[in-house]
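Colleague: I would like to learn how to read the features of this model. Please begin with the pocket.

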Amino acid sequence: MDPSFTREAREDDHAAIDRLLEAAFGASAEVQLLHDLRAEKAIYREVIMPWGEEAAGYLAVSRFVEPEGWLCLAPVAVHPDWQGLGRGHFMVKGIVDELTKGLGRTMIVVGDGKFYRRCGFLATRAARLTSPFGTENTLLAAPEMTVPVERLVYPKAFAAMD
């Protein structure tokens, strides 16, 4: 079965999401991050790309502590069997368009600039942010084309990723 759509993740998807994160990252740090974000009630949205009883793709969007109303995209994962086929772009571009263009929200991601630029994020727009993760790989997507000056305060769950 070819995964070709996304939907909101449900509690009964959690085990499949954990398996996907372990397969995609080869470790359990992202699984722990996700569990901690859920426990902290920091998650705004969870999206899954179902693949039978498993997950071909997944992403979480969490709320920043500061600036209020801003969102963080992490973790994002595509199963190794489906990487390089556009599934990640489909998922990330979809959520970025929905949240920034549709709902007027500002989103941050820390990651591969080449990939995330194609999804609507720009590093140049994050240049004046202050982040505990630095700004070298920090990208911003927002409805307006500004370069904000803000201090990013992530949910506590991200402290273990520092």
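**Reading the pocket, the helices and the sheet**

Modeller: The lining of the largest pocket comprises 20 nonpolar, six polar and five charged residues. Nonpolar covers Ala, Val, Leu, Ile, Met, Phe, Trp, Tyr, Cys and Pro, charged covers Asp, Glu, Lys and Arg, and the others, Gly among them, are polar. The model is predicted, so local features need pLDDT of at least 70 and side-chain atom pairs pLDDT 80 or more, while totals for chains, interfaces and linings use all residues. Residues are numbered from 1 along each chain as its sequence is written, and side-chain values use heavy atoms, without hydrogens and water.

Colleague: How much space lies in the largest pocket, and which residues lie nearest its centre?

Modeller: Rolling a probe the size of a water molecule over the atoms shows where empty space is left. Here the largest pocket holds about 700 Å³, taken as the space filled by probe spheres set on grid points joined across faces, edges and corners. A pocket is an open set of points on a 1 Å grid over the protein atoms alone, where a 1.4 Å probe fits, with protein on both sides within 12 Å along at least five of seven lines; lining residues have an atom within 4 Å of a point. Of the 31 lining residues, Phe25, Val76, Val110, Gly111 and Tyr116 lie nearest the centre. β4 gives the most, seven residues.

Colleague: At what angle do α1 and α2 cross?

Modeller: Two packed helices are described by the angle between their axes and the distance between the axes. The axes of α1 (residues 14-25) and α2 (residues 29-40) come within 8 Å and cross at roughly 145°. Axes are fitted to C-alpha atoms over the stretch in contact, with angles from 0 to 180 degrees between N-to-C directions. Helices (H or I, at least four residues) and strands (E, at least two) are DSSP runs numbered from the N terminus. Phe25 is also among the α1 residues that meet α2, contact being heavy atoms within 4.5 Å.

Colleague: In what order do the strands of the sheet stand?

Modeller: Strands of a sheet pair through backbone hydrogen bonds, either parallel or antiparallel. Here the open sheet runs β1-β2-β3-β4-β5-β6, with mixed pairing; a pair needs at least two DSSP bridges. β4 (residues 71-78) and β5 (residues 107-110) are parallel, joined by two bridges, whereas β5 and β6 (residues 138-141) are antiparallel, joined by four. Val109 has Leu139 in β6 as its bridge partner.
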